Amino acid sequence: MTWDEVNDVIVITLPDDFDKDANLGYLTREKNECMYAIENDVITKVIAIGEIRSLVQINVINNKQMNVHFLNDSRPIEKWKREEVVNYIYEWFDLNNDLTSFFEMAKTDPLLKMPAQKFYGLRVIGIPDLFEALCWGVLGQQINLSFAYSLKRQFVEKYGDSVEWNGKKYWVFPSYEQIAQLTPTDLADIKMTVKKSEYIIGIAKLMADGALSREQLMNMSFKDAEKSLLKIRGIGPWTANYVLMRCLRFQTAFPIDDVGLINSIKLIRNMDRKPTKDEIVELSCPWKNWESYATFYLWRVLY
């Protein structure tokens, strides 16, 4: 990590293959996002470190540096807490990852050539909090994206806490400790299925009991982490790989049955039918160790 502090502003040096427009383009694709706000290319978000709530504004200067301003007197006094904020931002934007070999591979790949050129500098935007990533995976199952965002907003605004600034609320995702105390009846007025309510509460209870954590999964091999997630009620191969990709940062994570991935391949290849799983396996051979980035860039083609 390369960062410094200048007059209470955190300055993060960005990797060469970072592009502000590509990343903000992704972050602004859904108007109903409730976990951050973006105005005039400035991101405003609460970063929660334990009980500490830091309301920050992030802006990118010439694709070279990211400036992080603390609002509302929320700058932590202890340096290690400020470092945790920096860690979160690094995780969120995958800033420790050198994408050179991905872009080299994508240049000649029939499927990735166009998206890699068009969205050059886009990172796999992460969800550093495991509970949030798992909930988002469950909420998004078998419904369209805009309805999933609507469910997330209802859930966050009912059970999350918030920081108010300039007359606007900035939300923190509900904690697993809090959700572990609930029953599906408590979630009844959020328009999700009873099954999804049960899954989310079940995940919260596993985390509250110490049976599931990001640290545990990060210390496993990809296959073992995938198996551990698949044992959890409500987590199938798609959700497991989604979380492995966006939270746990396994680059080999590959939600091969994803509808968006299938539709993107169909669109780029101008097919009059969906590609088969065998065809996707064959097409993805050159992506070895970059499957998560390949998937993310192909998703980006669709919106």
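This is a predicted model: local features need pLDDT of at least 70, side-chain atom pairs count only at pLDDT 80 or more; totals for chains, interfaces and linings use all residues.

**Entry 1. Cavities**

I searched the whole structure and found 2 cavities of 30 Å³ or more. The largest cavity holds about 210 Å³ of space. I counted 18 residues in its lining, and those closest to its centre are Glu33, Tyr36, Ile127, Glu132 and Arg246. Helices H1 (20–27), H2, H5 and H6 each give two or more residues to this lining. By class, I recorded 11 nonpolar, 1 polar and 6 charged residues for the largest cavity.

For the second largest cavity I noted a volume of about 30 Å³. The residues that line it are Phe18, Lys20, Asn23, Leu24, Ile43, Val60, Met66 and Phe93. I asked which helix gives the most to the lining of the second largest cavity. H1 does, with 3 residues. This lining divides into 6 nonpolar, 1 polar and 1 charged residue.

I then turned to the open spaces. The largest pocket has a volume of about 1000 Å³. Its lining comprises 39 residues, with Ala48, Ile49, Gly50, Pro128 and Asp129 nearest its centre. Among the elements that give two or more residues to this lining are strand S4 (42–49), helix H2 (79–93), H5 and strand S8 (168–172). I recorded 19 nonpolar, 7 polar and 13 charged residues in the lining of the largest pocket.

The second largest pocket contains about 690 Å³ of space. It is lined by 24 residues, and Gly140, Leu145, Trp238, Asp258 and Gly260 are the closest to its centre. H11 gives the most to this lining, with 4 residues, and helices H6 (145–159) and H12 (259–268) also supply at least two residues each. The division here is 12 nonpolar, 8 polar and 4 charged.

**Entry 2. Packing of H5 and H11**

I looked up how these two helices meet. H5 (residues 130–139) and H11 (residues 237–246) pack at an angle of about 145 degrees, and their axes are 9 Å apart. Their crossing is right-handed. On the H5 side I listed Leu130, Ala133, Leu134, Trp136, Gly137 and Val138; on the H11 side, Trp238, Thr239, Tyr242, Val243 and Arg246. The residues of this contact are 8 nonpolar, 2 polar and 1 charged.

**Entry 3. Sheet and hairpin**

I traced an open sheet of 6 strands in the order S1-S2-S6-S5-S4-S3, with antiparallel pairing. Strands S1 (3–6) and S3 (37–39) stand at the edges with a single partner strand each, so one side of each has no neighbour in the sheet. From one strand to the next, the twist averages 30 degrees. Within the sheet, S5 (residues 52–61) and S6 (residues 65–71) run antiparallel and are joined by 7 bridges. Glutamine 57 stands opposite histidine 69 in S6. H2 lies across S1, S2 (9–13), S4, S5 and S6, running at about 120 degrees to S4.

Finally, I examined S7 (residues 161–165) and S8, which are antiparallel and joined by 5 bridges. The two strands form a hairpin with 2 residues between them, and asparagine 166 in the turn has a positive phi of about 50 degrees. Tryptophan 165 stands opposite lysine 168 in S8.

Note on methods. Residues are numbered from 1 along each chain as its sequence is written. Side-chain values use heavy atoms; hydrogens and water are left out. Axes are lines fitted to C-alpha atoms, for helices over the stretch in contact, and angles run from 0 to 180 degrees between N-to-C directions. A crossing is left-handed if the near helix is turned anticlockwise from the far one by less than a right angle, and right-handed if clockwise. Contact means heavy atoms within 4.5 Å. Ala, Val, Leu, Ile, Met, Phe, Trp, Tyr, Cys and Pro count as nonpolar, Asp, Glu, Lys and Arg as charged, and the others, Gly among them, as polar. On a 1 Å grid over the protein atoms alone, a cavity is a set of points where a 1.4 Å probe fits but cannot get out, and a pocket is an open set with protein on both sides within 12 Å along at least five of seven lines; lining residues have an atom within 4 Å of a point. Grid points are joined across faces, edges and corners, and a volume is the space filled by probe spheres set on the points. Two strands pair if DSSP finds at least two bridges between them.
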